[in-house]
Amino acid sequence: MTGLVIKNTGSWYLVRTDDGRDVECKVKGTFRLKGIRSTNPVAVGDRVRITGNPGGTAFITDIEERKNYIIRRASNLSKQSHILAANLDQCMLVATVNYPETSTTFIDRFLATAEAYRIPTLILFNKIDLYDEDDTRYLDGLVHLYTTIGYPCIKVSALDGRGLDEVKDKLRGAITLFSGNSGVGKSTLLNALLPGTDARTGEISQAHNKGMHTTTFSEMYPVDDAGGYLIDTPGIKGFGTFDMEVEEIGHYFPEIFEESARCKYGNCTHRQEPGCAVLKAVEEHRISQSRYASYLSMLDDKEEGKYREAY
């Protein structure tokens, strides 16, 4: 029997079988995903084969070959990965410029990881109903930066509805990963996009202007009859990159990769080498300082052999 993993609750997985039943499943004890050291060998979005038990539950015995997946480092100093979701058509990264602020480092690490797994990404800038003049000016600068690089951006408000129709159009017929920092209003946005979902929402910590986790596990919600699904994931505080080589990291920043073709040396790391086209582009403001700083932070993480929180 085969089906789709629609929810991960830690030790259990909910699988929607091809004949429409939802079956609680566990991973068979001997089952491990070859080649990936992961905290979750099975992910939401996986197509799996299951074998039933007398009590109505089942074992997951095999995973069909994935089209793709997106992965992050599991935790501080961890050498394991955590698979956010599998078989994606696109990602939507929910960000806020205030209440709380999403750092450009976090945004850039997420975008670079999506590039590494060849998954197109849109950025949803939420909570625009709350922004003052300074916030709005900063938001406009970020939208200009990321759209110029090639990442579509949509300004949205889960509360007053601005931008929601545009987001709904992008969701149709696609399997979409919904991700972002804790507190950016992901669950409220999900409820606004898919009424009846009843995702839990939480408050912002006023002392630190940071969000608190409300989504505990990943879950897949149907969007339409055309095969569209939205995969909601727990809020992330930092985004630790995983399994990237130093010489590859620049490939996942499109504007850095484009400029690097003009570097004097083929193995240029774009830090202090003579004849570096990337450094020249940063000096001439053709590559933004924030993007270059994010690139350097990922190089540092790789060379130090650890994951550093992206605040």
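**Notes on the predicted model**

1. Val 156 counts as buried, since its relative accessibility is 0%. In this predicted model, the residue is found in the loop between strand 10 (153-155) and helix 3 (164-171). Beyond its neighbours within four places in sequence, Val 156 is in contact with a run of residues that includes Leu 124, Phe 125, Asn 126, Lys 127 and Ile 128. Further contacts of Val 156 include Arg 162, Gly 163, Val 167 and Leu 189. From C-alpha to C-alpha, Val 156 and Ile 128 are 6.2 Å apart in space, although 28 residues separate them in sequence.

2. For the chain as a whole, the secondary structure consists of eight helices and 15 strands. Of its 311 residues, 52% are buried. Where contacts join residues at least 6 apart in sequence, 66% of them link residues at least 24 apart.

3. Helix 1 covers residues 104-116, a length of 13 residues. From first C-alpha to last it reaches 18 Å, close to the 18 Å expected at 1.5 Å a residue. Eleven of the 13 residues are buried, so helix 1 is largely enclosed by the rest of the structure. Among these buried residues are Phe 106, Ile 107, Phe 110 and Leu 111, and the set also includes Asp 108 and Arg 109. After helix 1 comes Arg 118, with a positive phi near 60°.

4. Helix 4 (residues 186-193) has Lys 186, Ser 187, Leu 189, Leu 190 and Leu 193 as buried residues. Viewed down the axis of helix 4, these fall within an arc of 160°, so they line one face of the helix. An α-helix has 3.6 residues a turn, so residues three or four places apart point the same way. The cover over the buried residues of helix 4 includes helix 3 as well as strand 8 (90-95), strand 9 (121-125), strand 11 (175-180), strand 14 (219-222) and strand 15 (229-232).

5. Strand 14 is joined to strand 15 by four bridges, in the antiparallel sense, and here Tyr 221 stands opposite Leu 230. Strand 14 and strand 15 make a hairpin with six residues between them, and Gly 227 in the turn has a positive phi of about 90°.

6. What does the UniProt record list for "binding site"? The entry, which is unreviewed, lists Cys 263, Cys 268, His 270 and Cys 276. Cys 268 is placed in the loop between helix 6 (254-260) and helix 7 (277-283), and Cys 276 lies in the loop between helix 6 and helix 7.

7. Are Cys 268 and Cys 276 buried or exposed? Cys 268 counts as buried because its relative accessibility is 11%, and Cys 276 is buried with a relative accessible area of 8%. Leaving aside neighbours within four places in sequence, Cys 268 is in contact with Cys 263, Glu 273 and Cys 276.

Notes:
Residues are numbered from 1 along each chain as its sequence is written. This is a predicted model: local features need pLDDT of at least 70, side-chain atom pairs count only at pLDDT 80 or more; totals for chains, interfaces and linings use all residues. Side-chain values use heavy atoms; hydrogens and water are left out. UniProt positions are given in the numbering used here, feature names are shortened, and annotations may be inferred rather than shown by experiment. Helices (H or I, at least four residues) and strands (E, at least two) are DSSP runs, numbered from the N terminus. Buried means under 20% relative accessible area, exposed over 50%, partly exposed in between (1.4 Å probe, protein chains only). Contact means heavy atoms within 4.5 Å. The expected span of a helix is 1.5 Å times one less than its number of residues. The arc is that of the directions from the helix axis to the C-beta atoms. Two strands pair if DSSP finds at least two bridges between them.
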